[in-house]
Amino acid sequence: MIVNRTVRLVTTALIVTALTPISASRGQQAKLTSPTCTPSSVLGTPPLGKLATARGVLVGSAVNDSALATDPAYACVLGTEFNMVEPENSMKFAATEPAPGVFDFTRADVIVAFAKLHHQSVRCHNLVWNLFNPNWLTSATFTKQQALAALSNHIAKVVGHFRSKCSQWDVVNEPIGPSGTGLAPSPWLKWIGPSYINLAFTYAHRADPNARLYLNDYDFNGNGVRTRSLVSLAVSLRRAGVPIDGVGLQLHSIQSPARSAFLSQQMATAAAARLSVAMTEVDYAIALPVNTTALVAEANYFSDLLSTCLAATNCRTFNIWGFEDQYSWIPGFFTGYGAGTPLDAHLNPKPAWQALRVALSTK
Ligand code: G3I
C-alpha cells in the first residue's frame with residue numbers, strides 16, 4: 001500500500017482529536033519549530049525511538065539538512081521516530097571551515113536545535129577525514145607546525161562550538177588504509193605523521209571532556225581485515241592513554257556485508273579494553289528494481305545487526321545512514337543500487353522497519 005507523504009502537524013494548543021492535516025509536498029518550508037507532529041500511523045506505536053529508550057539504547061539516523069529544511073514529512077518522521085540524530089554532511093571539515101580560520105556552523109546548528117526540540121541525542125560526524133575537505137586544505141603545503149596549528153584550531157573551534165551538545169563525536173573517520181591495514185593516505189598523515197590521530201582525540205577531549213570520542217570506519221568486502229585493524233588501533237590508542245571511548249562500525253552493506261559472529265567477537269575485544277562499539281551508518285544497498293527477496297534480505301540485515309548490538313555489553317548506539325530511500329546517498333554513489341533504508345521514498349515502512357521494531361521489542 002502506498003501512503004501519501006503526508007504528516008499531521010499539531011500545535012500544543014490543539015488536542016489530538018483536532019489534528020490539522022497538511023500536505024507535505026517537496027519545496028514547502030518545513031516547520032522545524034513545530035512542537036509536535038504525528039507521522040502516519042503505519043509506522044507503528046510507540047515510535048521506534050521510544051522502544052529504543054525503553055531498551056536503554058540510542059537508535060538514530062543520519063540527517064540530510066536540505067531535506068530537513070524543505071520536507072515537513074521528513075522532519076516529522078525524524079523528530080518523532082528516533083532518539084538520536086547525526087548530521088550526514090554538515091559537520092564535515094568543508095562545511096564547518098570553508099576558508100582557513102573561517103567557521104560556519106549554520107547548517108549544523110539547525111540540526112542540533114532540531115534535536116534539542118525533540119529531546120534527541122546528537123551524534124556528531126566528523127572532525128578529521130581524508131575526504132570532503134575544503135580546497136584550501138587539500139591544496140595546502142603545510143609544515144608540521146602549521147598543520148598542528150590548523151588541526152588543533154579546527155577541532156577546538158568545532159568541538160567548542162558544540163560543547164555539551166554532542167553526546168558522541170567521530171573524531172577520526174576512516175583512518176585505515178585501502179588494503180585494510182596501515183593508515184589511509186591523508187593530508188594530516190603526510191604533514192604530522194601517525195600521531196595526528198592521538199592528537200585529534202586529545203584536542204577533542206580538551207574542547208569537550210564529556211563527549212564520547214570514536215574512531216569510525218567501514219570494512220571493505222566484509223572480510224574482517226579492516227575491522228580487525230580498526231579495533232586493534234583503537235585498543236592500542238586506549239592503552240597509550242589517548243582519550244578514546246569507542247569504535248564506530250559503519251556497516252554499509254555494500255562495503256561491509258557484516259557477519260554477526262565476527263562482529264560479536266570484535267565487540268568483545270573492544271569491551272576487554274573498555275571501549276564502546278557504535279553501529280554508526282547501517283544501510284543495505286539493493287540492486288534495483290526492488291523485489292521481495294531483496295526486501296527480506298534487507299530486513300534480516302538490519303535485524304541481525306541491531307540484535308547483535310543489543311546482545312553485546314558495550315554496544316548501545318545503532319545509527320542508520322538515512323531513514324528513508326528518497327534522500328539516501330546510495331543511488332548517487334552506486335549506479336543501479338538504492339532502496340537501502342527501512343522506509344521507502346513515500347515514508348512507507350518496508351520489512352526492515354518492522355524488523356527493527358521487533359528486534360527492539362525482543363529480549
Ligand atoms: O551540496 C552539494 C551541492 O551544492 C551540489 O550541487 C551537489 C553536486 O553533486 O553536491 C552537493 O554535495 C554533495 C553532498 O554529499 C550533499 O549531497 C557532495 O558532492 C557529495 O560528495 C556528498 O556525499 C556525501 C559523502 O559522505 C561525502 O562527504 C554523502 O552525502 C554522505 O552520505 C557520505 O557519508 C559517508 C560518511 O560521511 C562516512 N562513511 C561513508 C558514508 C557514505 O559514503
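Biologist: Is isoleucine 254 buried, partly exposed or exposed?
Modeller: In this predicted model, local features need pLDDT of at least 70 and side-chain atom pairs count only at pLDDT 80 or more, while totals for chains, interfaces and linings use all residues. Residues are numbered from 1 along each chain as its sequence is written, and side-chain values use heavy atoms, with hydrogens and water left out. Buried means under 20% relative accessible area, exposed means over 50%, and partly exposed lies in between, with a 1.4 Å probe and protein chains only. Because its relative accessibility is 27%, isoleucine 254 counts as partly exposed.

Biologist: Which residues does isoleucine 254 touch, not counting those up to four places away in sequence?
Modeller: Isoleucine 254 lies in the loop between β9 (246-249) and α11 (260-272), where helices (H or I, at least four residues) and strands (E, at least two) are DSSP runs numbered from the N terminus. Taking contact to mean heavy atoms within 4.5 Å, the residues that isoleucine 254 touches are Ala285, Phe334 and Tyr337.

Biologist: Why is strand β12 described as largely enclosed by the rest of the structure?
Modeller: Strand β12 covers residues 315-320. The description applies because, of its 6 residues, the number that are buried is 5.

Biologist: Which residue of β12 is the bridge partner of valine 59?
Modeller: Two strands pair if DSSP finds at least two bridges between them, and strand β4 (residues 58-63) pairs with β12 in the parallel sense over 4 bridges. Strand β10 (residues 276-282) also runs parallel to β12, joined by 4 bridges, and there methionine 279 stands opposite phenylalanine 318. For valine 59, the bridge partner in β12 is phenylalanine 318.

Biologist: How many salt bridges does the count come to?
Modeller: Side chains of opposite charge can pair when their charged atoms come close. The rule asks for a side-chain nitrogen of Lys or Arg within 4 Å of a carboxyl oxygen of Asp or Glu, and by this rule the count comes to 7.

Biologist: How many residues apart are aspartate 65 and arginine 107?
Modeller: The side chains of aspartate 65 and arginine 107 meet in a salt bridge, at 2.5 Å from N to O. This pair links distant parts of the chain, with aspartate 65 in helix α2 (residues 65-70) and arginine 107 in helix α5 (residues 106-117), and the number of residues apart is 42.

Biologist: Which residues are linked with Glu86 in a network of salt bridges?
Modeller: Glutamate 86 forms a salt bridge with arginine 123, their closest N and O atoms being 3.4 Å apart. Glutamate 86 and arginine 123 are both buried. The network links Glu86 with Arg123 and Asp170.
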